[in-house]
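Please keep the sequence and the three-dimensional view at hand while reading.

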Amino acid sequence: MFIEFDYSKGFIKEHEIEIIKPQVDIAHQLLHDRKGPGSEFTGWLEWTETIDREELERIHTTAERIRQNADILLVIGIGGSYLGARAAMEALSHSFHNLLDKSARKAPQLIFVGNNMSPKYYSDVMDLLDGREIYINVISKSGTTTEPAVAFRHFRSYMEKRYGLEESSRRIIATTDRARGALKTLADKEGYETFTIPDDIGGRYSVMTAVGLLPLAAVGIDIVRMLEGVHAAAIEYSNPSLDENSCYQYAATRQILSRKGKSIEILVSYEPSLQYLGEWWKQLYGESEGKDGKGIFPASVSFTADLHSMGQLIQDGARNIFETTILVGSHDRDIVIKGDDDDLDGLNYLQGKTIGNVNRKAYEGTVLAHLEGGVPNLAITIPKLDEYSFGKLIYFFEKACAISGYIQGVNPFDQPGVEQYKRNMFRLLGKSGY
């Protein structure tokens, strides 16, 4: 049940690994001794040791109530308040979860709102609601972030008009600050059930808190098994040895490649259900490392589809990129390709092979081509796409991000640049004080 990391195709020399070892040691000490910048936001490090067991039990109870009574669960949030949950839901649920009959999925449809300001998107969501039983999980530390606050104002009004104040209050669940903020104040006033966003865990590191656990449990994902994966990863990746810690090897090799002019990292998956993992990963690394004039630009692609669009650039474009591929060791289901008497498409040579096998050979062939094109390739292999492995993978990326940020010389836990667009938007919209 280990995650494997392979950098043998990364064009990295052993002396480069040796040279960066002291920097990894320092980063490890800064992180674990809580002496590095942003250390007040490292509660995720030993989260499974400190998680509130009573709240975890309430998450299970509330999730069961939602499953029993809701046709649709609206999850209102942006950034870390929704990307992790969406990544896990897409990876661990049926690819067409929301399209399955409710008797087959045994859970509500999960619809994410509050992550954009598109009137078309809002209107399309509204078209889904009439005649359906609705619950809302609004997720915001402050309750004042523009996109989710606008969404909550809109959908709260809909709920109150449709269900009345008392019943809508039973159907709205707030995940927010423990003691303060606009959303916490409103939740206390209206009697919403509340769950806590920990003070010492930033949004992009929060998927394994109530932020992600409640909506995931509501759609039937085994969050206990996922937390077991997180716990195992926390133990495994606490080893300070670069030679033995694959998580630290990923952090170190990406920094080695950055120093050699590889300024863009492309996260590759061959599973469409991992597309939103790429979106979560982009926020994690972009927001954590992109500051002080530094940072590896995080991009993501879904192969083999994007080989027919991005493949040319990766193969023959500027040599400032490297690839990190997420591979799944085994699948519970596969399909055998059948023969055809006419063989008009010329594919009978694939007869008897599985689609999974073809997918694997597509990966191997792509790596060979990209290596010939001078593109370093790293590979991360998880045993299977299940809750345990997914939990381990989330922690793998979070820990590697923290170590990589410290090696790079930035605070991987703040995001000062995010505030600038907000100030400009507020001023243009006429908000007083801007």
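Accessible areas, as used here, come from the Shrake-Rupley method with a 1.4 Å probe. On that basis, the accessible surface of the protein chain in this predicted model comes to about 19,700 Å², and carbon and sulfur atoms account for 52% of that surface. Residues count as buried when their relative accessible area is under 20%, and buried residues make up 52% of the 434 residues in the chain.

The protein chain contains 17 helices and 10 strands. Its radius of gyration is 23 Å, close to the 22 Å that the globule rule gives for 434 residues, so the chain is as compact as a globular protein of that length. Along the principal axes, the C-alpha atoms fill a box of roughly 65 × 65 × 45 Å.

The strands can now be examined sheet by sheet. Strands of a sheet pair through backbone hydrogen bonds, either parallel or antiparallel. Ile 76 stands opposite Val 113 in β3.

The loop between β5 and α9 holds Gly 181. With a relative accessibility of 28%, Gly 181 counts as partly exposed. Gly 181 lies 70 residues from Ala 251 in sequence, and the two are 35 Å apart in space, C-alpha to C-alpha.

Another open sheet of five strands has the order β1-β10-β9-β7-β8, and its pairing is mixed. Here the edge strands are β1 (4–9) and β8 (297–302), each of which pairs on one side only. The twist averages 25° from one strand to the next. Helix α12 (residues 246–259) packs on this sheet, where α12 touches β1, β7 (264–269), β9 (321–330) and β10. The direction of α12 makes about 35° with that of β1. Helix α16 (residues 387–408) lies across β7, β9 and β10, and runs at about 150° to β10. Strand β10 (residues 377–384) pairs with β1 in the antiparallel sense over four bridges, and Asp 6 stands opposite Ala 379 in β10.

It remains to consider a contact between helices. Two packed helices are described by the angle between their axes and the distance between the axes. Helix α3 (residues 53–69) and helix α11 (residues 223–236) pack at an angle of about 145°, and their axes are 12 Å apart. On the α3 side, the contact is made by Leu 56, Ile 59 and His 60, and on the α11 side by Ile 223, Val 224 and Leu 227. By class, this contact of α3 with α11 comprises five nonpolar residues, one polar residue and no charged residues.

Definitions and conventions. Residues are numbered from 1 along each chain as its sequence is written. This is a predicted model: local features need pLDDT of at least 70, side-chain atom pairs count only at pLDDT 80 or more; totals for chains, interfaces and linings use all residues. Side-chain values use heavy atoms; hydrogens and water are left out. Axes are lines fitted to C-alpha atoms, for helices over the stretch in contact, and angles run from 0 to 180 degrees between N-to-C directions. Helices (H or I, at least four residues) and strands (E, at least two) are DSSP runs, numbered from the N terminus. Contact means heavy atoms within 4.5 Å. Ala, Val, Leu, Ile, Met, Phe, Trp, Tyr, Cys and Pro count as nonpolar, Asp, Glu, Lys and Arg as charged, and the others, Gly among them, as polar. Two strands pair if DSSP finds at least two bridges between them. The radius of gyration is taken over C-alpha atoms; the globule rule is 2.2 Å times the number of residues to the power 0.38. Buried means under 20% relative accessible area, exposed over 50%, partly exposed in between (1.4 Å probe, protein chains only).
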